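I opened the model to look up how its parts meet. My entries follow the order in which I consulted it.

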Amino acid sequence: MYRYDEFDHTIVKERVTEFTGQVKRRLAGELTEDEFKPLRLMNGLYLQLHAYMLRVAIPYGTLSGTQMRMLAHVARKYDKGYGHFTTRQNIQYNWPKLKDVPDILADLATVEMHAIQTSGNCIRNVTSDQYAGVAAGEIDDPRIWAEILRQWSTFHPEYTFLPRKFKIAVTGHSNDRAAIKMHDVGIIIVEGENGEPAFDIYAGGGQGRTPMVAHLVGEKIPARDLLHFMDAIMRVYNMHGRRDNLYKARIKILVHALGAEEFARQVKEEFAKGGAGEDLKLPDGEIERIRAYFAPPAYETLPDTDAAYEKALAEDKAFAQWARTNLADHKVPGYAIVNISLKPIGGIAGDASDAQMDAVADIAEAFSFDEVRVTHEQNLTLPDVKKSDLYEVWKRLDAALLATPNIGLISDMIVCPGLDYCDLANARSISIGQMISERFADLDKEHDIGELKVKISGCINACGHHHVGHIGILGVDKKGVEFYQVTLGGSADENAAVGDIVGPAFTEEQIVGAIETIVETYVANRQDGEIFLETYRRIGIDPFKETLYAAA
Amino acid sequence: MAQHINKKARFHSLTANRLLDGEPVYLTGDNGWSEVLTDAVIADGKDEGAKLMDIATQAVKDQHVVNPYLFDVDVDGDKPKPISVREQIRATGPTVRLDLGKQAS
Ligand code: HEM
Ligand code: SF4
């Protein structure tokens, strides 16, 4: 795992000292709110409906047991005993007091954590595949490149005051688990010359009020040119990006206005100019230095099957149910990837208590080479568990109420905080998620429905990724009353698509019934082995419109 | 952001967040701030609303609160009752965690 060097330590420490001074001056009346607000936003501190909210970065979603335990400590000591894991692989605390924030940041800094690049119009915390480094079939570990991008972008003077925030995601696998095409820049590692990694670079994706899928703007960019190419993209964006209108300032609007081809041409032209190119060329030693941080742990040589594990599967039905949904194939024989669902039936998506975070830290230390991942679908992952340990890991997770067997099923939803917490919300999201989860609680029914991604946002900002949900739910406000608009057919994977609006919005009382009708329509129309999205893509929106609105 | 005020609405109260801890507070009749919505003073019409906003603007300058705004209320007896779901939730706490926020204490 990445460890801070001197430079990282220094900038994080300096930032804590600086912000501590700013908070003091604010509380002493030396800074006005207008002066202070941009400063707190640079440190991940928002003001929400009931309190301040602090967003802490978990770069590319990877953390150690010690770091997870620190997140638990912050929840316990300064907040209300829990935290909320987000789609950007970060964690949010909903109740910090302004006067405590400097202490929180100082505590986090002791384990190399911070809130830098979690808000403001900068290049945000780079996100990645939660199976990075362990998935079978991966071309290269995306965290190496995410870390290189992090070092390049942190406090980069030119990229600290962009027209708007800028989000980058990287994956090393052809199965996209990082929603890269829905980011300002999405990077897929491909095979380059001489077996070296190269990059297909997509730009102009995003959600919010104008959702767009990113376009390919650079093909097979060699590894050493990555930063130079990124710099060319940023220059074209910084040159033309609209600063006059907040809603038009994202790179997606520019790519759309110029056309993807013209945008790509300008980037190539900028790239050819050289610019800072030579300085940004990655020297071999540097790539190898970063790569070493992500070297595989000391795996044992094991047979791929384990008799005790097979026996437990045969004898313990609950364990077998969990194994069926929550495990993924590991690249090393005898190991598995364990997914921890943060979506208990009827619970709050992405929330974990301090005790649960401690439990995950303990289990990771004992059974997963001290590593935990946060997924963009608001779950956690233990990347390296021996098959022979799975039964014990499951028992411990179960004891911490962390063994819900529903990864990828309908109750495994992405849900934004919505009107229960968020100052920008139009409607509640969490309660709708809870009702849907309860309506489909029967596990056999969930398995029969199969893979189905429901995503819920409380307003058009789309933090809950509703545009790319197989079923997306968007909260809208009609004269102070909550309504819910439904989209169908969205997807955030390698075949990314923005969903289609199915028709007029539903009331809070109607929405769960409407979701049930949609699921029934799918079940009635599906062919052998088809998941919801495939059926939708085959039959289109009309059969759903009919069943939803015909009766009305 | 959700609209806090409907043009046709007549009665308003004023809310803000306390600087120190972000707690939602309401402007009261004696120019103080209360954590309880029903303590809020009610403005009848635009002009009275603007007067409340002036008081709040001073409180922002005095480092007491941030983010002040007026919101629509109904008058229930002599107490304000928020019209939007948003202000109802803000005045009580998350509907999904009844152990948290104002409703908990
Ligand atoms: C509760 C406090 C939050 C606030 C005030 C907030 C604010 C916003 C705003 C204003 C946007 C729109 C940006 C734009 O269109 O340019 C946005 C987008 C987004 N937010 Fe949040 N958000 C919050 C919480 C969250 C949470 C909890 C998550 C993760 C679950 C999240 C993840 C995202 C994502 C993925 C997007 C879409 C990115 C895009 O626009 O392409 N946010 N947020
Ligand atoms: S989608 Fe809207 S309601 Fe949900 S967290 Fe984002 S800004 Fe808040």
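I took domain bounds as they come from an automatic or database domain assignment. On that basis I noted four domains in chain A: domain 1 (6-109), domain 2 (127-293), domain 3 (307-399) and domain 4 (415-549).

Conventions. I recorded that this is a predicted model, in which local features need pLDDT of at least 70 and side-chain atom pairs count only at pLDDT 80 or more, while totals for chains, interfaces and linings use all residues. Residues are numbered from 1 along each chain as its sequence is written, chains are lettered from A and ligands numbered from 1 in the order in which they are written, and side-chain values use heavy atoms, with hydrogens and water left out.

Domains 3 and 4 of chain A. I found their C-alpha centres 27 Å apart. Twelve residues of domain 3 of chain A are in contact (heavy atoms within 4.5 Å) with twelve of domain 4 of chain A. I read a buried area (the accessible area, 1.4 Å probe, that two parts lose on being put together, summed over both) of about 1000 Å², 51% of it on carbon and sulfur atoms. In domain 3 of chain A, the residues losing the most area to domain 4 of chain A are A:Ile345, A:Gly346 and A:Ile348, together 39% of what that side buries.

I then counted two salt bridges (a side-chain nitrogen of Lys or Arg within 4 Å of a carboxyl oxygen of Asp or Glu) between these two domains. A:Lys453 forms a salt bridge with A:Glu377, with the closest N and O atoms 3.0 Å apart.

Chains B and A. I noted that 25 residues from chain B and 34 residues from chain A make up the contact. The two chains bury about 2500 Å² between them, and carbon and sulfur atoms give 61% of this area. B:Leu20, B:Gln63 and B:Val96 supply 21% of the area that chain B buries against chain A, more than any other three residues.

I found one salt bridge between chain B and chain A; in a salt bridge, the side chains of B:Arg86 and A:Asp423 meet at 2.8 Å, N to O.

Ligand 2. I listed the residues around ligand 2 (a heavy atom within 4 Å); among them are A:Cys416, A:Cys422, A:Cys459 and A:Cys463. Also in this shell are A:Pro417, A:Leu424, A:Ser457 and A:Asn461. I sorted the shell by class (Ala, Val, Leu, Ile, Met, Phe, Trp, Tyr, Cys and Pro as nonpolar, Asp, Glu, Lys and Arg as charged, the others, Gly among them, as polar). The shell has eight nonpolar, four polar and no charged residues.
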